[in-house]
Every structure is written in C-alpha cells, then in structure tokens.
Amino acid sequence: MIYDFFIVGQGIAGSTLAWHLHQKNVCFKIFNLSQKNSSSMAAAGLYNPVTGRKMVKTWNADELFPYLEDFYQQIEQFTHSRFLYPKPIYRPFVSVAEQNDWLAKADNKAFAPYVEKVATSSLFPDALYDDWGGILLKRSGYLDVPAYLQASQTFFISIGAYQEDKLDWSALNLENDYVQYKGQKARCIIFSEGPQATANPYFKWLPFRPVKGEILFIKPEKAHEVVFNRGIFVLPIGEISKVGSTYDHENLDSKPSDKGRAYLEEKLQKLCKLRYTLSAQTAGVRPATQDRKPFIGIHPEHKLLAIFNGLGTKGVSLAPYYARQFVDHLLEAASLDQEVDIKRFYHLHNSALK
C-alpha cells in the first residue's frame with residue numbers, strides 16, 4: 001500500500017490538515033509522539049478577530065473567521081465531542097481618546113462584523129478597572145485544544161491513520177516517486193511538528209522564531225462568562241480562568257518560571273479587581289516565525305516534501321482556512337496565498353547551498 005500523504009505531528013496544524021485530507025477521501029498516515037507539554041497542548045486556544053496594542057483586525061480576519069467556527073463545529077458533530085466555546089471578548093478602554101476612537105470605528109464596515117458593543121461606562125465595575133468602558137467583541141471564543149486533539153487522535157486511530165512514533169530521520173528515505181519510512185510508503189510527507197521544525201534537516205533554513213509562553217490557572221472569587229483582554233487575557237473556563245500570556249524568545253524550555261508568574265500577576269492586578277487563588281502554571285514553546293506568517297508549501301528541491309507549520313499564537317484561527325487552502329493546493333494545484341507560501345523564503349534555501 002502506498003499512502004497519499006504522511007503527516008508528521010498531530011498538534012493543531014497536523015490535526016486540522018488531516019481532517020481536511022479525510023474530507024477529500026485521501027489516504028494518509030500520521031506519525032506523532034504525544035507530549036503533555038507540546039506547544040498545542042499548552043495553548044490557550046483563543047480566537048480573536050481584533051488584537052494587538054492598536055486593536056486592529058487580525059490579519060486576514062475576513063477570510064479566516066467565516067470558516068473557523070463552522071469547521072470546528074462540524075468536527076464536534078462528527079466526533080460527538082465538545083471543544084469549541086464561542087465567547088465575547090471585552091477590552092477596557094484606558095482613555096477617553098480611545099473611547100472616542102472606537103465610537104467612530106464601530107460603524108466602519110470593516111469592523112462591524114466583529115463589534116458587539118462599544119460601552120462608554122463600566123460594564124464590569126466589580127471585576128475590572130474599566131472606568132471609560134470598553135469594546136465588546138463577537139465572533140470570538142476559545143478552542144479546548146487538548147479535547148480537540150484527543151477527539152481527533154481517537155478518530156484517526158479508529159481508521160488506522162495514526163501511529164505513535166517520534167520520527168527517526170535515519171529511517172526516512174526519499175525515492176524517485178515516493179517517501180519510504182519503516183517499510184511504509186507515501187507520495188508526499190508533510191511536516192507539522194511545531195517548534196521541533198527548527199531541527200528538521202530539510203526545512204531548518206526557514207526563519208522560525210520560536211517563542212515561549214506561560215499561562216496561569218486561577219480560581220477567581222467570582223466567575224464571568226466574558227474573556228477580559230488588555231495586555232493579558234483572562235479566559236473563564238468554568239470556575240477556573242486561564243491568564244496569559246508571556247512572550248519569551250530567549251528561554252525556550254517548557255518549564256514554568258517565577259519571572260513568568262510575576263509578570264502575569266502584575267498585569268492581572270492592573271486589569272482586574274477580583275480576588276483569586278493561583279491553582280497552576282504551565283508553559284509551552286510556540287512555532288512562531290520571523291514575519292509572523294505561517295510556513296506552508298513544497299520544498300524547493302525535494303518535491304516529495306512539504307510543510308504546514310509556523311502558525312504561532314494564532315494557530316486556532318489560522319489552521320482551518322489554511323489547511324483547506326493547502327489541501328486544495330496539493331490535490332488540485334490551487335494557488336497559495338503569497339503571504340504564507342514558503343516560496344517567499346526560497347532565497348534562504350539557495351543561499352544555504354552556496
């Protein structure tokens with residue numbers, strides 16, 4: 001038997017890619033080593049259409065968000081699981097000027113699909129420092145990433161498309177028309193191994209810029225059903241809330257740190273009035289990239305090799321749309337967005353050969 005595709009990695013990227021291949025009735029095999037501290041397992045899972053210090057629309061939001069919730073809900077129904085939780089996100093204003101800016105912006109057609117309300121006075125006086133009000137966003141929420149990955153893995157195992165295996169590079173052979181690995185063959189291998197891609201001998205020339213992120217788990221005295229977001233996020237999940245995240249490009253380990261906890265607690269005290277107890281802390285390394293855009297495409301020299309990686313902190317938002325686009329590219333030669341196609345960095349590969 002010759003598979004159409006091997007997929008290396010079953011995080012958000014690999015799982016979502018595999019679902020799109022399955023929907024096309026394509027034969028594939030996933031090779032993955034399950035890890036509790038993987039970047040996907042440690043992810044907060046937020047999807048947010050308006051982000052950043054300047055509160056701009058998430059890159060390509062008008063393409064990503066119409067498909068995002070439909071895709072995850074479809075997989076929920078198929079697997080009889082629950083892992084997508086739409087929730088509004090509230091960002092308090094820090095000045096009258098910012099309030100006025102959003103009163104004008106809210107009527108803009110570009111923002112209208114994502115703005116539920118612009119408040120000019122406090123919406124959460126018992127919980128937040130939001131004297132000037134804030135903006136309440138819609139088409140937002142979070143994905144319970146571990147639940148999504150587990151439901152996906154269970155299904156892929158049931159159809160014989162999953163193998164628990166850390167890729168052994170010495171056992172991977174490239175032939176003229178197929179890739180061979182431990183006696184199994186495929187017409188193409190797609191690497192979705194997250195930050196481990198920096199050690200991938202075929203794609204290490206790509207400018208990855210991994211970033212460590214830490215998250216606190218707290219139990220607030222009072223629960224809210226809205227995500228608070230200003231500098232950090234406070235994501236309610238039942239009686240527990242996730243608080244994050246840090247961004248560390250230097251210490252790329254998966255160990256929670258005192259520095260990370262102190263940073264998040266300081267930010268939390270400036271944002272929230274709520275008393276809380278700290279219950280846990282976690283950390284993970286995200287596969288971010290130099291230009292903050294995914295790495296998707298075919299190797300410039302080895303046409304049997306492909307990559308679907310580098311989704312970074314917005315993996316939940318990016319994965320569905322770009323998995324669909326990449327599968328169409330692989331199967332039907334549909335074009336890839338230039339912003340994500342690794343052709344933009346082919347010159348780095350060529351330079352590495354000199």
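How exposed is aspartate 101, in terms of relative accessible area? Aspartate 101 is partly exposed, with a relative accessible area of 39%, where buried denotes under 20% relative accessible area, exposed over 50%, and partly exposed the range in between (1.4 Å probe, protein chains only). The model is predicted, so that local features need pLDDT of at least 70 and side-chain atom pairs count only at pLDDT 80 or more, whereas totals for chains, interfaces and linings use all residues. Residues are numbered from 1 along each chain as its sequence is written, and side-chain values use heavy atoms, with hydrogens and water left out.

Aspartate 101 forms a salt bridge with lysine 105, the closest N and O atoms being 3.7 Å apart; a salt bridge is taken as a side-chain nitrogen of Lys or Arg within 4 Å of a carboxyl oxygen of Asp or Glu. Both residues lie in helix 3 (residues 96-105), 4 residues apart, about one turn of the helix, and lysine 105 is buried at a relative accessible area of 18%. Helices (H or I, at least four residues) and strands (E, at least two) are DSSP runs, numbered from the N terminus. By the salt-bridge rule the count comes to 17.

Another of these pairs joins the side chains of lysine 87 and glutamate 225 at 2.6 Å, N to O. Because lysine 87 lies in the loop between strand 7 (84-86) and strand 8 (89-92), and glutamate 225 in the loop between strand 17 and strand 18 (227-230), the pair ties together parts that are 138 residues apart in sequence. Lysine 87 is buried, with a relative accessible area of 10%, whereas glutamate 225 is exposed, at 52%.

Asparagine 200, in the loop between strand 16 (189-191) and strand 17 (211-220), counts as buried because its relative accessibility is 0%. Its side chain makes a polar contact of 2.9 Å with that of glutamate 193, a polar contact being a pair of N or O atoms within 3.5 Å in which, within protein, one must be able to donate a hydrogen and the other to accept it, and residues adjacent in sequence count only if both atoms are side-chain atoms.

Helix 6 (residues 315-332) has 18 residues and reaches 24 Å from its first C-alpha to its last, close to the 26 Å expected at 1.5 Å a residue, the expected span being 1.5 Å times one less than the number of residues. Among the buried residues of helix 6 are Pro320, Tyr321 and Tyr322. Just after helix 6, alanine 333 takes a positive phi of about 60 degrees.
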